Amino acid sequence: MDHTGTCPLSQRQLVEEYFIEHRTKILDIAAFLDRFDRASQHDAEDDFRMLAFRKALDALLHQSGASRMQAVQMLLSDPRTDLLEALDRKSAFGAYKTDDEP
Amino acid sequence: MEYIDHHCHMTSRTTDDYEQMALSGCRVLTEPAFWAGYDRGSAQAFGAYFEALTDFEPKRAAKYGIQHYTWLSLNPKEADDRALAAAVLPLIPQYLDRPNVLGIGEIGLNRVTRNEVATFEEQVDLAIRHDHLPIMIHTPHLEDKLKGTRVILDSLASERRIRPERVLVDHAEEHTLPLIAEQGYWAGLTLYPQTKVSPQRAVDMIEVFSPERILVASACDWGPSVPWAVAHFIREMRRRGHPDRLIQRIVWDNPCQFLGQSSKFQAPVPALPASV
């Protein structure tokens, strides 16, 4: 579906209004990744959350139009529909962990 | 602009929050029963909770000119405990006639277990058996949201008595909103600082999808949340140049339409926004 024109602001207006706050957000991500590399122990390079995080960053660069959000949401979602037979925990992790992921 | 917040866990908030919500324009809120952050563990504890939701909280809200309504249920975080469900669900009908009880909620799924589904379906049945009370449904968090929403929608689809216009599927996000909307249910967007939807993303969804059958709420509780988040949504809508009549539709008219399906819901007459 083509969503062109659904935001009432022009691109110029969006840049003027929103650039600074999103500049802040991308710098936060850069700082987080740098901090991750500077960590005292490199014990989570292949953590399923970080793997999903890097895939999501890649999707930001390679998707276009209105599909970035959908792509990122799906990368961070459990795609299955089978029911758990027993409660394993109360909380969610934020990314989907397959059985063979650390 | 005055607004209605359909999802607030005021039991977890201070009286100061009621005051700030009133100052930000909140005139009506509804409080679904939920998880306290710990397991209550007994039917007696739920009985005390239902008393608070139907007696103490409406009085606390009224001091600030806010109408307080509520929804009763065994919440999804404790719904896996079938013994607890068997003890708590029979308590609910005795509270349904209280003046501020709108329906059954928030029911739904957390980790999407077989037991959670069984408890969910029992509570859907409870609502339907009571003149199909309105139902508020919680969808799971984060990576479990898509899976849980699909299972909930499949379960509802198998229930022939369900009337979609009397069901709100809450905590929708970009990847679940179309699934909910295409089956005719109301969808709720939850304005959270971290784990759900920002005001900016909520406005994006209004723009990309439709304002039809969409509600927005703070879902403020004991975790990181902003009780006056709907005011931030209003500001974001205005920031983008959306007209006040569209904003009022989302934060007032839509909730009145959904909540008004309960005969107990009596909305106050809103003050018109200055620009209308």
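**A tryptophan and its surroundings**

Modeller: Happy to! Let us begin with Trp35(B), which sits in the loop between strand 2 and helix 2 (43–62) of chain B. Helices (H or I, at least four residues) and strands (E, at least two) are DSSP runs, numbered from the N terminus. Please keep in mind that this is a predicted model, in which local features need pLDDT of at least 70 and side-chain atom pairs count only at pLDDT 80 or more, while totals for chains, interfaces and linings use all residues. Residues are numbered from 1 along each chain as its sequence is written, and chains are lettered from A and ligands numbered from 1 in the order in which they are written.

Is Trp35(B) buried or exposed? Trp35(B) is buried, because 20 other C-beta atoms lie within 10 Å. The cut-offs, with C-beta atoms placed from the backbone, are these: 20 or more other C-beta atoms within 10 Å of a residue's own make it buried, 12 or fewer make it exposed, and anything in between is partly exposed. Leaving aside residues up to four places away in sequence, Trp35(B) touches Asn75(B), Lys77(B) and Glu78(B). Contact here means that the C-beta atoms of two residues, placed from the backbone, lie within 7 Å.

Now step back to strand 2 (residues 26–32) of chain B, which runs parallel to strand 3 of chain B and is joined to it by five bridges. Two strands count as paired if DSSP finds at least two bridges between them. In this pairing, Leu29(B) stands opposite His68(B) of strand 3. Strand 3 (residues 67–72) is mostly covered, with five of its six residues buried. In a regular strand the side chains alternate between the two faces of the sheet.

Helix 5 (residues 145–157) has 13 residues and reaches 18 Å from its first C-alpha to its last, close to the 18 Å expected at 1.5 Å a residue. That expected span is 1.5 Å times one less than the number of residues. Its buried residues include Leu146(B), Val151(B) and Ile152(B). Among the elements that the buried residues of helix 5 pack against are strand 4 (101–108), helix 4 (114–129) and strand 5 (135–138) of chain B.

Helix 8 (residues 229–239) of chain B has buried residues too, including Phe233(B), Ile234(B) and Met237(B). An α-helix has 3.6 residues a turn, so residues three or four places apart point the same way. The buried residues of helix 8 pack against elements including strand 1 (3–5), helix 1 (15–24) and helix 9 (244–259) of chain B. After helix 8 comes Gly241(B), with a positive phi near 90°.

Chain B as a whole has nine helices and eight strands. Its radius of gyration is 17 Å, close to the 19 Å that the globule rule gives for 276 residues, so chain B is as compact as a globular protein of that length. That radius is taken over C-alpha atoms, and the rule is 2.2 Å times the number of residues to the power 0.38. Of the 276 residues in chain B, 52% are buried.

Chain A has three helices and zero strands. Buried residues make up 9% of the 102 residues of chain A. Chain A is divided into domain 1 (7–43) and domain 2 (45–79), with bounds that come from an automatic or database domain assignment. The C-alpha centres of the two domains lie 15 Å apart.

Finally, where do the chains meet? The contact takes 29 residues from chain A and 27 residues from chain B. On the chain A side, the largest share, four residues, comes from helix 3 (residues 67–75) of chain A. That side has 15 nonpolar, seven polar and seven charged residues; Ala, Val, Leu, Ile, Met, Phe, Trp, Tyr, Cys and Pro count as nonpolar, Asp, Glu, Lys and Arg as charged, and the others, Gly among them, as polar.
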